[in-house]
Amino acid sequence: MTQKTENTVWHAHLVTKNERAQLKNQQPCLLWYTGLSGSGKSTVANAVDDILFQRKAHTYLLDGDNVRHGLNGDLGFSDEDRIENIRRISQVGKLFVDSGLICSTAFISPFQSDRDMARDMLEPGEFIEVFIDTPIEICEQRDPKGLYKMARAGEIKDFTGIDSTYDVPASPEIHVKTANQSIEQCALQIVSYLEKNGYIN
Ligand SMILES: Nc1ncnc2c1ncn2[C@@H]1O[C@H](COP(=O)(O)OS(=O)(=O)O)[C@@H](OP(=O)(O)O)[C@H]1O
Ligand SMILES: Nc1ncnc2c1ncn2[C@@H]1O[C@H](COP(=O)(O)OP(=O)(O)O)[C@@H](O)[C@H]1O
């Protein structure tokens, strides 16, 4: 991105991220879900968010389809647009972490370089890459929105896993295999990671 704003000065806030986190009794972080369409990102992220909410954690969930209706409604699915999509989401995620929240993002985020860029924006330990690992054959069987069928019929181009790249995460903090676990088991795997690593009590 080309920086177009000149003559602006960064203002330090009186209330710090740590103070906000202490008030909420949690360690803010960005749970970055990545996986193919239909892998289960939204389903698992919602299940985790629900458990965290019941436990009185302060959370927010940014979901691909929803954000593409608003903030990123001007972007399509070329590599260039996906890169810009993830850049904006990373910036928004960073703001939510700064506000003391446990923020989740559920985007395909197909390129390792973009996920690494998001990681590098945050402080060590704040970025948690969650690989929702589901073989494409199963995603295609699930096909919750009928998109694979349309992609195979040539009605959608640049579809991830068919004619657009997905980089398998190199070393995700959490590796969730949905093919042999229930939605609840997948969610508990993630909540358990947050507990063990002191993000929640
Ligand atoms: N060409 C193509 N490729 C992949 N996905 C497509 C495409 N066209 C539309 N959709 C729908 O858009 C959702 C993915 O948006 P994302 O913002 O997560 O994508 S990306 O991170 O920028 O790659 C994705 O949502 P999920 O199925 O929840 O992943 C699809 O519903
Ligand atoms: N263990 C599981 N984890 C997540 N989703 C599952 C699982 N088993 C079956 N599913 C189903 O797979 C589909 C995943 O869709 P969705 O969450 O929209 O995926 P994505 O957000 O990655 O596109 C849902 O219909 C969900 O009910």
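Biologist: Does Tyr199 count as buried or exposed in this predicted model?

Modeller: Tyr199 counts as buried, at 8% relative accessibility. The reasoning rests on a cut-off: a residue is called buried if its relative accessible area is under 20%, and exposed if that area is over 50%. Tyr193, at 21%, therefore counts as partly exposed.

Biologist: How many aromatic pairs does a search of the whole structure find?

Modeller: The search of the whole structure finds five. One of them joins Phe131 and Tyr166, whose rings are stacked, with 6.4 Å from centre to centre and 20 degrees between the planes. This pair connects distant parts of the chain: Phe131 belongs to strand S4 (residues 127-133), while Tyr166 lies in the loop between helix H7 (147-152) and strand S5 (174-177), and 35 residues separate the two. Phe131 is buried, with a relative accessible area of 6%, and Tyr166 is buried as well, at 15%. Tyr193 and Tyr199 make another stacked aromatic pair, again with 6.4 Å between centres and 20 degrees between planes.

Biologist: By what values is such a pair described?

Modeller: The distance of the centres and the angle of the planes describe a pair of aromatic rings. The word "stacked" applies when the planes are under 30 degrees apart.

Biologist: Which residues are closest to ligand 2?

Modeller: They are Gly38, Lys41, Ser42, Thr43 and Gln181, out of 16 residues that surround ligand 2. The backbone of Leu36 places an N or O atom 3.4 Å from an oxygen atom of ligand 2. In the side chain of Thr43, an N or O atom is 2.4 Å from an oxygen atom of ligand 2. A polar backbone atom of Gln181 is 2.8 Å from a nitrogen atom of ligand 2.

Biologist: Let us turn to strands. Why is strand S1 said to be largely enclosed?

Modeller: In a regular strand the side chains alternate between the two faces of the sheet. Strand S1 spans residues 29-34, and six of its six residues are buried, so the rest of the structure largely encloses S1. Cover is present on both faces: Cys29, Leu31 and Tyr33 are buried on one side, and Leu30, Trp32 and Thr34 are buried on the other.

Biologist: Which strands are joined to S1 by bridges?

Modeller: Strand S3 (residues 102-106) runs parallel to S1, with five bridges between them. Trp32 has Thr105 as its bridge partner in S3. Strand S4 is also parallel to S1 and joined to S1 by five bridges, and there Leu30 stands opposite Phe127.

Biologist: How far apart in space are Trp32 and Ser90?

Modeller: Their C-alpha atoms are 9.4 Å apart, although 58 residues separate them in sequence. Ser90 lies in helix H4 (residues 79-98) and counts as buried, because its relative accessibility is 2%.

Biologist: Finally, which residues have a positive phi without being glycine?

Modeller: Among them are Asn25, with phi near 55 degrees, and Asp143, with phi of about 30 degrees. Asn25 lies in the loop between helix H1 (17-24) and S1 and counts as exposed at 54% relative accessibility. Asp143 lies in the loop between helix H6 (136-142) and H7 and is buried, with a relative accessible area of 16%.

Terms used:
Residues are numbered from 1 along each chain as its sequence is written. Chains are lettered from A and ligands numbered from 1 in the order in which they are written. This is a predicted model: local features need pLDDT of at least 70, side-chain atom pairs count only at pLDDT 80 or more; totals for chains, interfaces and linings use all residues. Side-chain values use heavy atoms; hydrogens and water are left out. Rings of Phe, Tyr and Trp (its six-membered ring) pair if their centres lie within 6.5 Å; planes under 30 degrees apart count as stacked, over 60 as edge-to-face and the rest as tilted. Helices (H or I, at least four residues) and strands (E, at least two) are DSSP runs, numbered from the N terminus. Buried means under 20% relative accessible area, exposed over 50%, partly exposed in between (1.4 Å probe, protein chains only). Two strands pair if DSSP finds at least two bridges between them. A residue is near a molecule or strand if one of its heavy atoms lies within 4 Å of it. A polar contact is a pair of N or O atoms within 3.5 Å; within protein, one must be able to donate a hydrogen and the other to accept it, and residues adjacent in sequence count only if both atoms are side-chain atoms.
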